[in-house]
Amino acid sequence: MKCPNPLLFLVIIVSFLTACAISKDSIGSLETCRSLVDKSENNKAIECYTKEVNTNPELAQAYIVRGVLFEEQGSFDKAIEDYGKALQIEKDQSKITSLFGMRAAAYAQSKNYSRAVEDFTNAISRGDKESDTFDLRGFSYAMLGDSDHAIADYIQAISASPDNAEAYAHLGNEYAKKEDYNKAIAEYDKAIKLVPDDASYYFNRGLAYAKKKDFDLAIRDLEQALTFNPNFGIAKELLEKVKTSELLHERLDFSTQPQVTQ
């Protein structure tokens, strides 16, 4: 899964800081903490925000930014805890909606997909109609084995943003799982048209062609995947099988994320 960079949520936090009525001293202290974030001194920033919440436990903004920083470090449980504390404090309904989405993404990153679905659903019910929200809830449903709900969410994500390549790829994966390879390939085509240099899209389309025994097209796509990511191990393995016409009939992973980082 390609989740949004959590530091992008700092844009949201800026609006939190400007909209909330907090003391001048608190604003000054928070600006000191933010300056550490701007300098990418995240550990010091976490210490700074920790001092702020210890001094003023009602500072939702401090919990939010600290949660984002924890998430950036991969400390998803700590991020989830901070978002939860902010949800208990925050009164503005639009900000609560954003917080549900942020916590949902952290749950998804920590592979707690049932809680991710719950929080994404809360965000959507509160008016969050963003394409990525539907896409990420769809991914969470998919990881829970609920393909029908996943497909419905991916279609909704595409409707909200027809240029969301990841949603097309995810939708293709679900069709592939159902062994509807023609539909899967059609969705991968759309993803590749939007993002023509993503190795995982070529791998997944190549795998769908291989399952159809269209080996020439499978070889073309798998070689293209390896052009973009030479260390894509599973693509190398599949390419060797296809080239020797010894494709195994075992179920292979239709993950949209390569096994090796590009």
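Tutor: The model is a predicted one. The secondary structure of the protein comes to 14 helices and zero strands, and of its 262 residues, 52% count as buried. Among contacts between residues at least 6 apart in sequence, 51% join residues at least 24 apart.

Two packed helices are described by the angle between their axes and the distance between the axes. Helix α10 covers residues 165–177 and helix α11 covers residues 181–194; their axes lie 8 Å apart, at an angle of about 165°. Because that angle is over 145°, α10 counts as roughly antiparallel to α11. The crossing of these helices is left-handed. On the α10 side, the contact is made by A165, Y168, A169, L171, G172, N173, Y175 and A176. On the α11 side, Y181, K183, A184, E187, Y188, K190, A191 and L194 take part. Sorted by class, the residues of this contact are 11 nonpolar, two polar and three charged.

The loop between α10 and α11 contains E179. The phi of E179 is near 65°, a positive value in a residue other than glycine. Most residues other than glycine have a negative phi. E179 has 51% relative accessibility and therefore counts as exposed, the cut-off being over 50%. A further example is K111, in the loop between α6 (93–109) and α7. K111 is not a glycine, yet has a positive phi of about 70°. With a relative accessibility of 61%, K111 also counts as exposed.

The axes of α13 and α14 come within 10 Å and cross at roughly 155°, which makes α13 roughly antiparallel to α14. Their crossing is left-handed. From α13, the residues F215, A218, I219, L222, E223 and L226 meet A235, K236, L238, L239, V242 and K243 of α14. This contact has nine nonpolar residues, no polar residues and three charged residues.

Both pairs contribute to the largest nonpolar core, which has 43 residues. Within this core, F203, F232 and V242 have the most contacts. V242 is also one of the α14 residues that meet α13. At least two residues of the core are supplied by each of α7 (113–125), α8 (131–143), α9 (147–160), α10, α11, α12 (199–211), α13 (215–228) and α14 (233–243). The helix that gives the most is α12, with eight residues. A second, separate core has 37 residues, including I46, C48, I64 and A79. In soluble globular proteins, nonpolar side chains tend to be buried together.

Leaving aside neighbours within four places in sequence, G101 is in contact with F120 and A123. The C-alpha atoms of G101 and R137 are separated by 9.8 Å, although these residues are 36 apart along the chain.

Conventions
Residues numbered from 1 in each chain as written. Predicted model: local features only at pLDDT ≥ 70, side-chain atom pairs only at ≥ 80, totals over all residues. Heavy atoms only, no water. Axes fitted to C-alpha atoms, helices over the stretch in contact; angles between N-to-C directions. Helix = DSSP H or I, 4+ residues; strand = E, 2+ residues; numbered from the N terminus. Parallel < 35°, antiparallel > 145°, perpendicular 65-115°, else oblique. Left-handed = near helix turned anticlockwise from the far one by under 90°. Contact = heavy atoms within 4.5 Å. Nonpolar A, V, L, I, M, F, W, Y, C, P; charged D, E, K, R; others polar. Core = buried A, V, L, I, M, F, W, Y, C linked by side-chain atoms within 4.5 Å. Buried < 20%, exposed > 50% of the residue type's maximum accessible area, 1.4 Å probe, protein only.
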